Amino acid sequence: MPRAHERTTIINTLPQLPPARLHIGGWIENSHNAEVRDPADTRNIVASAPRATRAQAIEAVQVAVRGSLEWRAVPAIQRGEVIRRASEIIAERAEQLAVAATLEMGKPIAESRGEAARAVEHARYFSTVGREAQGYTANLNEPDAQAFTLRSPIGVVSVITPWNFPIMIPNWKIAPALAHGNSVILKPAEVSPVTATLLVQCYLDAGVPASALSLLIGKSSEIGDVLLTAPEIAGVTFTGSTEVGRKISATAVGLGKRVQAEMGGKNALVIMDDANLDKALEAVMVGGFGTSGQRCTSSSRILVHEAVFEEVQRRLTEAVGQLRVGHGLTAGINAGPLASESALEDVMQGLERAVADGATVVAGGSRAEDSDLANGWFLQPTLLTGPATGAAFSEEIFGPIVSLHSIKDIDEAIRLNNEVEYGLSASIYTSNLEAANRFIFETDTGMVHVNRPTVGAEPHLPFGGSKASAIGPSELGAAHQFFTKTRSAHVRWKF
Ligand code: UN1
């Protein structure tokens, strides 16, 4: 196997991406004053992007108010047909979306293709929600009368999304928002404006009215405030850091809006002494180093039973050394760069804090040495060992850094799992029924896995966390809780 420090050739000719654009009732030709740079080689300008002004954000809100009325009048089952058509268009354009995602945020193309495929699956799932039972009937304490519950759209929704899944996360918020009859204003991360433009185009081409889906690309400092505070906005759904999510929530909830914030994680993967080690180590590689660790569901803390600790450390050190770091469009690469300079800086600082707190670097730990990678935001995949305290154990470090901590038994695994402020996902690898069940029932994360990686998201199951990982209702299978208002109807038919 080639090793991480071997030369990797950066591809010479990159595909040209279309420009990012704003959509406010129609596509807008703003001047393009932001450059989108390839995080794997910042000498490459891969696209250009507009910057929406505050006035345009205000206009988008007015358009979305009209869009909300127009779109909610379309019967839910017909709205579902439009979403189904969007899923087909996303499937047709999957390669274009995947290339854009890789060029903008750096993940290996195979991962971007996987993300596009999951977006298709998620949209397909939401295309059917209009056919689901919406509520229940109930008696009233009077003759000739009956009550029932129904779900209504909430109205205009601000959708604020990150760069780590630039196709899948905007999609998994847009699809249910629209399926349930709301209008959407999407503000994607500044890192990935072209991917967002292409995704919005899929929904418009599928038949979503122009007024029901707006796209605002720009700086939070310029337009963010409008998306959180305009009186016409009913709800804000956000994915990103806990720090930003809490600020958004404080502002928007304070103004009486609904907030759904899916935030940080410090997810533990437990390996017991009776685990299938091959499978457990595969899960660490996928969950810890996939997307260069830039997932809120990443397995960043591996709690390893002391009886297998040495073997796990040895085998993981070897596997980490075999990861091929490079440009996401180069064949055979399985570790891309971090998405931006600030992302790399944050991760390097987290690593320094981890080491200062007593962690030992057993693999990686520095920027990529290969001269071809010197112009990108690369960090060697890094493995740490150390005490179950300090930054490596408790801080979300959003990069390819995984730390190993030794545990004695299931009690300690559960205690350490629950000790951190986050509560998104957790996993245990074991063949012991009691250990598995205790882990399920005694841990406090929103999602818990047995003999499965910590990552992943099924369209029909709730996706969400507890504690510092989430505010408001979960996503995906629980999306209706955020995107609809449950109302009760009280009907008398003799009067
Ligand atoms: C996954 O684990 O595949 O931002 C999905 C994130 C999550 C999505 C993770 N909201 O990483």
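Reader: How far does a polar side-chain atom of Thr297 lie from an oxygen atom of the ligand?

Author: A polar contact is a pair of N or O atoms within 3.5 Å; within protein, one must be able to donate a hydrogen and the other to accept it, and residues adjacent in sequence count only if both atoms are side-chain atoms. In this predicted model, where local features need pLDDT of at least 70, side-chain atom pairs count only at pLDDT 80 or more, while totals for chains, interfaces and linings use all residues. Side-chain values use heavy atoms, with hydrogens and water left out, and residues are numbered from 1 along each chain as its sequence is written. A polar side-chain atom of Thr297 is 2.5 Å from a ligand oxygen, whereas for Cys296 a backbone N or O atom lies 2.6 Å from an oxygen atom of the ligand. Arg118 places a side-chain N or O atom 2.9 Å from an oxygen atom of the ligand.

Reader: How should I read the packing of helix 2 and helix 5?

Author: Two packed helices are described by the angle between their axes and the distance between the axes. Axes are lines fitted to C-alpha atoms, for helices over the stretch in contact, and angles run from 0 to 180 degrees between N-to-C directions. Helix 2 (residues 76-92) packs on helix 5 (residues 168-179) at about 155°, with the axes 9 Å apart. That angle makes helix 2 roughly antiparallel to helix 5 (over 145 degrees).

Reader: Which residues of helix 2 and helix 5 meet?

Author: With contact meaning heavy atoms within 4.5 Å, Arg79, Ile83 and Ile90 of helix 2 meet Asn171, Ala175, Leu178 and Ala179 of helix 5.

Conventions: Helix = DSSP H or I, 4+ residues; strand = E, 2+ residues; numbered from the N terminus. Parallel < 35°, antiparallel > 145°, perpendicular 65-115°, else oblique.
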